Amino acid sequence: MSHPDLSFLLRSEASAPGAPQPPLPAAEQPERRSAARASGDVAALIAELRASQAELEAQNKVLRYSQAAAESASERFEALFSNVPLSLMVVDEHDMVVQANSMAHRSFQPHESDRPLTSLTPFISPAHVDRVRAAFAAALQQGTAEATEVVFSIDAQRYITGDLHIARIESHTDGAAPATQFLCAVIDQGPLLAERQALQRSAQELQERNAQLHASELRLEAVINSSLDAIICVDQHERITVFNPTAAMLFQCAASDALGSPLSRFLPNAQQVMAFAQLTTQAALGEMTACTASGRELAVEISVSFERHAEGETTTVFARDLTARKREEARRSVLEGQLRESHKMQAVGTMAGGIAHDFNNILHAILGNVELAKADCPPGSLVHESLVEIDKAGRRARDLVRQILTFSRNEAPNRAAVALAEVVHDTERLLRVTLPPEIDLSVQLPPGLPPVLANATQVEQALLNLCTNAVHAIGERRGQIRVEARLVQPDQHLRERLGLAAGDYAALRVSDNGPGMDEATLPRIFEPFFTTKPVGQGTGLGLAVVHGVMRTHGGGIDVRSHPGHGSEFTLYFPAAPQAAAMPATHRTQHAAETRAEHKAAAVPTAGAPAAAVTPAGGRQRHVMYVDDDEALVFLVQRLLRRRGYQVSGFTDPHQATDALRADPGRYDLLVTDYNMPGYSGLDLVRAALAIRRDLPVALASGYITTEIEQAALAEGARALIHKPNDVEELCATVDRLAHEG
């Protein structure tokens, strides 16, 4: 049975803080008061119970505080877990995502259609799975672990590169053993990784650029050291800082001795070089005089480059030795002289052919008629004796023409200091006698015109040809010819165009107000035999002679002409170097005539031509003779008719072609001249053989070259006749070809 006081203690224990306190029965109130007065063991027990009650109340307060703190910490953790700007996940031991914050969902499941974040491993790149599993195992053992630069694949195109931080946590539940979980934080390293990669690339590029810069410096050093030009660099104080090996050889000074020296040591005009520093960054100064270390002067071509930088200014001087160039220029000048001589020989040779063409026709007519006259008068008579002398003179003239064709053209004309004004005035007097009244000639010469180094006769001939050409250009209209002269120094462009050397020249200008020339005519005006005049009114040699005169005098001729604005010819004669002018009365030249006189030899008189044999059947051989010289056609007709030939003469090759085409079988032989205005003898040979293939054809010319001979034989000509030959030789050739046909 229980003690009344024990039930009170139980009630007192039940009234501990926090326990409900039921109301006591009224019958028990006196018993509490009596218990308070208890003593002994009960009192001790009560005191102990009260102490226990106070301790329980204190523990209860701590428990309530701890519970409130835990609840507050849980709320803060939840708030931090949810709002931290990191992808946080709680993963259990089976790789199931127990909890994930919003950042994790936005990163791993940005769209609703994406794979849900229920497990972590499916997001890890297969290449990094083993490394992540090892990190989880380490976290299980050590509490924390991390795996850096793990690639998490969101889908086929999107991925996250981040560091995975793992912390082991224990999860407690009521009545169950604590479960192991892992708090995972994914820190996106994409921006940092990109920056790191950019820094790595930048560092690599910097290394490459440094390597390239080093290689460039090595190449630059190699270029400077191997350059064929002397390269000298100087600082702002004009002290040499770079002196390449070529400079050392050029200036005969070692680089160690040259470094630190002033630029003026090797380039006396250094101030002239440095004066361009404020005007440009580079300049070509041309030829200058430099000095070697021993003081010897040499010609160099200088160009400079100026560079401004923080430390000051650097000037680079490029010097090229001109010694070899000047030597080469001298050699080239000799070669050019030889080339000019060759061109002159070609031009004069062509011109001589034209002269031979016209002059040989005249000689041929003279010699042929002399032969006919000698046959018609008795031998020993005074007339026969005169004819023999005429024949001698004609043959001497023929020999002279042959000498012109074969003389050596390497000999320059005899030149002396000639007063150009006197030559012009003498030519003016000659021109005024022959000028038509419709043409006004004006001559303007400045006083004190210096003499020119020339051949007076050739200068006069050139001026006469130019004025005659202007007269023919003006024609029957009223016109004006102006002759002017002045002392000039042609610029470099004109010298290069005309092939002139530097120096003073007397410019003799002949201008007219004629019709002018078009662009098609200008390039051909100096070609021998080129003429725009009708047949019989010009040979096309006038301007060719002028061109030859200027080339042999070391001068040049400049032509300016436009249709409707006349023409202007300017002759550039080199000025004589301080020499007295040769008097005009001494300008006659007899050397050529004297040589012709001494070389002339008497030629025996040919006998009268024998009559040709008339072929069987009684038909005469019919010869077609074509030449643009009417007198020569008349002569050949008389010669061949005396020999029994029927001769048809033509001065127009087109008429001859038409006659042959009209009756091809009428003719037994065709003899044609080579040089005819507007129509070559080869053209007539070609046309005649096209009409009648078996017709014998002979080609006659006073100037037959190897090229002409080969071309004639290639076209089908059977013989070549050199004019003027003896009548017997001409007739023998005709006899042979006519009877062969």
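Strands here are DSSP runs of E at least two residues long, helices are DSSP runs of H or I at least four residues long, and both are numbered from the N terminus. The model in these views is predicted: local features need pLDDT of at least 70, side-chain atom pairs count only at pLDDT 80 or more, and totals for chains, interfaces and linings use all residues. Residues are numbered from 1 along each chain as its sequence is written, and side-chain values use heavy atoms, with hydrogens and water left out.

**View A. S442 in strand β12.** Let's start with S442, a residue of β12, the strand that spans residues 439-444. S442 is buried, its relative accessible area being 16%; buried means under 20%, exposed means over 50%, and partly exposed is in between, with a 1.4 Å probe and protein chains only. Leaving aside residues up to four places away in sequence, S442 touches Q480, I481, R482 and V483, where contact means heavy atoms within 4.5 Å.

**View B. Helices α12 and α13 packed together.** Here α12 (residues 420-434) meets α13 (residues 456-474) at an angle of about 45°, and their axes are 10 Å apart. The axes are lines fitted to C-alpha atoms, for helices over the stretch in contact, and angles run from 0 to 180 degrees between N-to-C directions. The two helices, α12 and α13, are therefore oblique to each other: under 35 degrees counts as roughly parallel, over 145 as roughly antiparallel, 65 to 115 as roughly perpendicular, and the rest as oblique. The crossing of α12 and α13 is right-handed, as the near helix is turned clockwise from the far one by less than a right angle. On the α12 side, the contact is made by L420, V423, V424, T427, L430 and L431, and α13 brings A456, V459, E460, L463, L464 and C467. Sorted by type, the residues of this contact are ten nonpolar, one polar and one charged. Nonpolar covers Ala, Val, Leu, Ile, Met, Phe, Trp, Tyr, Cys and Pro, charged covers Asp, Glu, Lys and Arg, and the others, Gly among them, count as polar.

**View C. D114 and R158 across the chain.** A salt bridge joins D114 to R158, with the closest N and O atoms 3.1 Å apart; the term asks for a side-chain nitrogen of Lys or Arg within 4 Å of a carboxyl oxygen of Asp or Glu. This pair links distant parts of the chain, 44 residues apart: D114 is in the loop between α4 (102-108) and α5 (129-142), and R158 is in the loop between β3 (144-153) and β4 (159-173). D114 is buried at 13% relative accessible area, whereas R158 is partly exposed at 27%. If you widen the view, D155 joins D114 and R158 in a network of salt bridges. A search of the whole structure finds 23 salt bridges.

**View D. E389 and K392 on helix α11.** In this view E389 forms a salt bridge with K392, the closest N and O atoms lying 3.5 Å apart. Both residues, E389 and K392, belong to α11 (residues 382-406) and sit three residues apart, about one turn of the helix. E389 is partly exposed, with a relative accessible area of 44%, and K392 is partly exposed as well, at 27%.

**View E. V84 in a loop.** V84 lies between α3 (41-83) and β1 (87-92), in the loop. V84 is buried, with a relative accessible area of 19%. Not counting residues up to four places away in sequence, V84 touches N101 and M103.
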